[in-house]
Amino acid sequence: MSSDVSAVDAVEIVGDAAKVNLLGMSQGRLEAFFESLGEKKFRATQVLKWVHQLGVTDFAQMTNISKALRERLAEVAEVRIPEVIEQWDSTDGTRKFLIRVGGGNAIETVFIPDGERGTLCVSSQVGCSLDCSFCATGKQGFNRDLTSDEIIGQVWIAAKSFGQLQEGGARGDRKVTNVVLMGMGEPLLNFENVVEAMHLMMHDNCYGISKRRVTLSTSGVVPQLDRLGKYTDACLAISLHAPNDELRNQLVPINKKYPIAQLLASARRYIEGLPDVHRKITIEYTLIDQVNDRIEHAHELVELLKDVPVKINLIPFNPFGLSNYKKVSNNALRRFQQILIDAGYTATVRTTRGDDIDAACGQLAGQVNDRTKRSQRYKLDQAALLASENDTIPVKMVQ
């Protein structure tokens, strides 16, 4: 993680006063902040516990800090949580948050319960700067990277919503047990902010989530993946979706820059550098009807991954507006899975959860003030397609 940005430089304007938002600061940055105030470094530990374990954002309530320091903090700093615009609860227990992040933008975060495990799917960008053809986020275009405050704020919001942030809650009955950086955006294109937020997720003075329960998913930004092992030992997932470069170029355009062989070699270097020799790479493979779900694709995948320590997560495509792809049939899905299992791979199927609130994998869209104009282009293309199917001339963009 970059260490040349000091806490005192990381200010945001709130009203007429410039205040430092302490929410997304790692222990090291928070210690530097307190030292800049002439305070001891242990104040950082106190504040981290108040904010991330007890859910307290008002300095006046941090009772083990002197009154003078609390008053000083109120003058120069704040703990500002992103605003929840709306919350939806699915019939299957999935919970989705729409969170305002300024500039007319909003992101989505999803909590997925599964027995005693609760997985939070966290976003890292407003929209996505990549353009994977099967992903709703990509069709929304891109505005900016999220700050570390906005990334860890998603964990704070979810944990708070379940009553987890209270005395004993951080070590008691936890709802958020796992975090996956698989929401909106490509995490490795927002490297420093993502790494800092992951440190807070795993820190004992914060959420204390095990390194085996925090997973970063990437579409294949190889240079940043090669850096990752210097900063974290979180789990790694590769968003693969195709067994050969020709098909992956169509589904995941970044493959044209960093083809499969380069990506898998980088992933192997990362996993081999971890102290845990039993760790495996998760391969994410979204199955799309008549696109990448054929028997020959399964056999190609078996051959491609034969020397890579992996487990494979098959994801049925979840339809959304602006996409003409169709959901894979159950027969094709089970046939594909069985070929992988017969070859000796661990191959699971991700259960579709939260599709009644558009919270399933690949459906997150939020609200993106698109700097790329990509979303407008897709809407125009869709309008033209609908018009051609109806033998009419499109006269305006589909809203």
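Reader: How many bridges join strand E7 to E10?

Author: This is a predicted model: local features need pLDDT of at least 70, side-chain atom pairs count only at pLDDT 80 or more, and totals for chains, interfaces and linings use all residues. Residues are numbered from 1 along each chain as its sequence is written, and side-chain values use heavy atoms, with hydrogens and water left out. Strands (E, at least two residues) and helices (H or I, at least four) are DSSP runs numbered from the N terminus, and two strands pair if DSSP finds at least two bridges between them. E7 (residues 117–121) and E10 run parallel, and the bridges joining them number three.

Reader: Which residue of E10 is the bridge partner of Thr119?

Author: E10 spans residues 178–181. Its Asn178 and Val180 point one way, Val179 and Leu181 the other, and all are buried (under 20% relative accessible area; exposed is over 50%, partly exposed in between; 1.4 Å probe, protein chains only). The partner of Thr119 is Asn178.

Reader: How many disulfides are there?

Author: A disulfide is a pair of cysteine sulfur atoms within 2.5 Å. By this rule the count is zero. Cys135 is in none: the nearest cysteine sulfur, that of Cys132, lies at 6.4 Å.

Reader: Why is the pair of Phe33 and Phe34 edge-to-face?

Author: Rings of Phe, Tyr and Trp (its six-membered ring) pair if their centres lie within 6.5 Å; planes under 30 degrees apart are stacked, over 60 edge-to-face, the rest tilted. The Phe33 and Phe34 centres are 5.4 Å apart, and the pair is edge-to-face because the planes meet at 70°.
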